[in-house]
Amino acid sequence: MSEIIANGELIERLLRGEFICRTSFEDGWRALKNPATRDRVEAYLNQINRTVAQAAEGEVFFCGYVNLGDNERKIISAQFREICQSLIPLVEWLVLVQEASGQDAPLTEGAPVRLTELQTRIEDTPAFREQLAKLSQYRLFGSSSSSVDGQIKLVFKRLVELGYLLRPNPEKQIYLATGKLDYLYEVIRFIDETESLSLEAQAETASQRELL
């Protein structure tokens, strides 16, 4: 029982729906990477029909259900719907960050985002300013600001609240991507596969239309 008490914060975070990764909660992540500790946490959660689920090849942990009854299915459906409704603004933000930062790959857990540098690049490029203005007005962010400064700071503040970003030092404008982003990529892949809407095929179709 004392071991469970020692892992109390970890269990509470899991039950709150948090995604545990090395960036967001390293102590808890290390505990869950230990098979013996994970088994103890799992045994406790199993008593209330919950389980330790994993994403990103075991680098991200979150709380799932052991058995799915009607109530659990309703909760999962609501959560999935919420993620799907957030996909467009989140993907547009990820694309903007990748393009404005000149990165070859999208953000993954642990990657830093320097807001000041990103803001400067966006302000210097009209196309990026348009992208930010558009995505900041989505309901997920709900910005009414007409300035890049107001828009980008609200977007980043909201992404911290949603658990996709972490701001380790409130005195600095440096943010870290969390494992929830890696989970988001898995959701996108799942939707892509189950809906048979291959993103590559869509891109190819779009290219063909442009040639016609």
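Colleague: Which residue lies over the face of Tyr65, and at what distance from the ring centre?

Modeller: A charge counts as over a ring if NZ of Lys or CZ of Arg is within 6 Å of the ring centre and within 35 degrees of the ring normal. Here Arg50 lies over the face of Tyr65, 4.2 Å from the ring centre. Lys180 is another case: its charged end sits over the ring of Tyr164, at 4.8 Å from the centre.

Colleague: What sort of model is this, and how are the residues numbered?

Modeller: This is a predicted model, in which local features need pLDDT of at least 70 and side-chain atom pairs count only at pLDDT 80 or more, while totals for chains, interfaces and linings use all residues. Residues are numbered from 1 along each chain as its sequence is written, and side-chain values use heavy atoms, with hydrogens and water left out.

Colleague: How many helices and strands are there in the protein?

Modeller: Helices (H or I, at least four residues) and strands (E, at least two) are DSSP runs, numbered from the N terminus. The protein has ten helices and five strands. Of its 212 residues, 36% count as buried; buried means under 20% relative accessible area, exposed over 50%, and partly exposed in between, with a 1.4 Å probe and protein chains only.

Colleague: How many aromatic pairs does the structure hold?

Modeller: A pair of aromatic rings is described by the distance of the centres and the angle of the planes. Rings of Phe, Tyr and Trp (its six-membered ring) pair if their centres lie within 6.5 Å; planes under 30 degrees apart are stacked, over 60 edge-to-face, and the rest tilted. The structure holds six such pairs. One of them is Phe19 with Tyr183, tilted, at 4.6 Å centre to centre and 45° between the planes. Phe19 is in the loop between helix H2 (8-15) and helix H3 (26-33) and Tyr183 is in helix H9, so the pair ties together parts 164 residues apart in sequence. Another is Trp93 with Phe156, which is edge-to-face: 5.8 Å centre to centre, 75° between the planes. That pair links helix H5, which holds Trp93, to helix H8, which holds Phe156, 63 residues apart. Trp93 and Phe156 are both buried.

Colleague: Is Phe19 buried or exposed, and which residues does Phe19 touch?

Modeller: Phe19 counts as buried because its relative accessibility is 15%. Contact means heavy atoms within 4.5 Å. Not counting residues up to four places away in sequence, Phe19 touches Ser24, Val60, Phe61, Phe62, Lys180 and Tyr183. Ring pairs also link Phe19, Phe62 and Tyr183 into a cluster.

Colleague: What span does helix H5 reach from its first C-alpha to its last, and where does H5 bend?

Modeller: The expected span is 1.5 Å times one less than the number of residues. H5 (residues 70-101) has 32 residues and reaches 45 Å, close to the 46 Å expected. A bend is the angle between axes fitted to the seven residues ending at a residue and the seven starting there. H5 bends by about 45° at Leu87, and Pro89 follows within four residues. Just after H5, Gly102 has a positive phi of about 70°.

Colleague: What do the buried residues of H5 pack against?

Modeller: The partners are strand E2 (60-65), helix H6 (115-123), helix H7 (126-136), helix H8 (148-161), strand E4 (165-166) and helix H9 (179-194). The buried residues include Leu87, Pro89 and Trp93.

Colleague: Which phi value does Asn49 take, and where does Asn49 lie?

Modeller: Phi of Asn49 is near 65°, a positive value in a residue other than glycine. Asn49 lies in the loop between helix H4 (35-46) and strand E1 (50-55), and a relative accessible area of 19% makes Asn49 buried. Ala56 also has a positive phi, near 55°, and is found in the loop between E1 and E2.

Colleague: Where does Thr178 lie, and which residues are in contact with Thr178?

Modeller: Thr178 is in the loop between strand E5 (174-177) and H9, and counts as buried at 3% relative accessibility. Leaving aside neighbours within four places in sequence, Thr178 is in contact with Cys21, Glu109, Gly163, Tyr164, Leu165 and Leu166.
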